Amino acid sequence: PGDLTGFHADLRLLPNDGIGLFVGLNSDGTPVGLVDKSYTLRTVLFDEFLERFFPTEPDAPEAAAPSGREHAVLAAGEYEMSRQGEAYNFYDAIYLLYRVFLKSNEDGTIETPAMISFTKSVPRTWREVSPFQWSEVDGDGRIYMKVVDGRVVSWLPDDLFSFEMLRVPFYRSATLNLPLLYFSVGILALTVLVWPFAAWVRRRSGAVLALTSRERWLRNLSLGAALLGLVYWFAWVAIFIAGVPEQLGQEVWVRLVQSLGVVCIAGAIISLWHAALTCTVSRGMLARTGAILIALALLALVWFSIVFHLITIQLNF
């Protein structure tokens with residue numbers, strides 16, 4: 001098989017029968033779940049080809065292996081595609097939305113999500129029939145797992161012929177990083193909305209913030225960093241929506257957004273300073289909580305940007 005953007009090919013041979021099937025496609029098709037329809041078409045076409053010209057009686061269900069429950073627990077977790085074809089390393093963040101979660105069941109079976117089911121588009125259940133080999137329940141699919149030092153590091157269904165699923169380390173997982181992303185965007189957005197409203201309330205009521213010059217300076221810089229952080233997040237969303245061709249002229253926009261990210265790193269340091277100062281002086285609980293949340297939101301921004309290559313020296317892998 002071969003796959004490039006806009007072109008896909010697949011060659012299946014049946015040597016004992018002296019026949020084969022070659023398929024070439026000049027488009028990706030509409031995305032369905034994890035992959036494009038080009039994958040679905042090739043899989044279904046080959047399956048129907050075999051069913052039409054080489055029909056066989058369905059095999060009797062294989063007996064479940066006694067190690068199924070133990071191995072199901074070992075296999076459960078979050079996985080990602082081994083093949084991610086974008087040219088730029090910051091697209092790593094997009095693949096957070098395409099993580100595959102393999103679930104273990106109480107009866108020792110495992111379940112894969114609908115997004116990797118080419119022909120049925122529904123979750124599939126599998127029972128272990130030999131060590132780390134799984135047969136589809138009420139189907140003819142098969143999953144093969146790679147185990148290193150007693151740990152499942154990858155797996156491959158027999159109809160996923162172009163890539164395998166690799167286990168994701170926790171620090172890069174969607175389980176950890178999507179909540180951090182939502183937390184950061186939410187807190188920064190709330191800060192930007194509350195900031196002018198609170199200033200308006202103080203002006204109407206005649207209240208004055210009793211701050212030293214250093215406290216006021218750090219507070220304003222921290223609030224400004226929150227605003228820049230929110231702009232930074234939305235700038236990346238715009239880039240991902242618009243797409244970034246490989247021309248250098250388009251890369252300039254990426255570099256501008258990355259420069260803004262570097263400023264946000266400095267803003268995170270200042271916000272930490274402001275939060276530490278606010279917690280050491282006689283400020284109310286609301287002020288302390290707000291300062292801490294802004295600092296944490298900016299730290300989450302920095303973490304996400306570094307782990308998923310939103311801020312890098314080189315743009316390509």
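Two strands pair if DSSP finds at least two bridges between them. Keep that in mind as you move through this predicted model, because pairing by that rule is what joins the strands on the first stops.

**Stop 1: β11 and β12**

Select residues 142-148 for β11 and 151-157 for β12. These two strands run antiparallel and are paired over 6 bridges. To see a facing pair, show Met-145 and Trp-155: Met-145 sits opposite Trp-155, which belongs to β12.

**Stop 2**

β10 is antiparallel to β11, and 3 bridges join them.

Is Asp-138 buried or exposed? Its relative accessibility is 78%, so Asp-138 counts as exposed.

**Stop 3: on to β9**

Select residues 124-130 to bring in β9, which pairs with β10 in the antiparallel sense over 4 bridges. Trp-126 stands opposite Glu-136 of β10. The hairpin formed by β9 and β10 has 2 residues between the strands, and Phe-132 in its turn shows a positive phi of about 60°.

**Stop 4**

Show the side chains of Arg-124 and Glu-136. They form a salt bridge in which the closest N and O atoms are 3.6 Å apart. This pair links distant parts of the chain, with Arg-124 in β9 and Glu-136 in β10, 12 residues apart. Are the two partners buried or exposed? Arg-124 counts as buried because its relative accessibility is 6%, and Glu-136 counts as buried because its value is 5%.

Elsewhere, select Glu-78, Glu-80, Asp-92, Arg-99 and Arg-172 together: salt bridges with shared partners join these residues into one network.

**Stop 5: other salt bridges**

How many salt bridges does a search of the whole structure find? The total is 7. One of them is between the side chains of Asp-10 and Arg-12, at 3.0 Å from N to O. Both Asp-10 and Arg-12 are buried.

For another setting, go to Lys-103 and Glu-111, whose salt bridge has its closest N and O atoms 3.7 Å apart. Lys-103 has a relative accessible area of 43%, so it is partly exposed. Glu-111 is partly exposed as well, with a relative accessible area of 23%.

**Stop 6: a charged patch on the surface**

Zoom in on Asp-158, found in the loop between β12 and β13, the latter being residues 165-167. Asp-158 counts as partly exposed because its relative accessibility is 40%.

Technical notes
Residues numbered from 1 in each chain as written. Predicted model: local features only at pLDDT ≥ 70, side-chain atom pairs only at ≥ 80, totals over all residues. Heavy atoms only, no water. Buried < 20%, exposed > 50% of the residue type's maximum accessible area, 1.4 Å probe, protein only. Salt bridge = Lys/Arg side-chain N within 4 Å of Asp/Glu carboxyl O.
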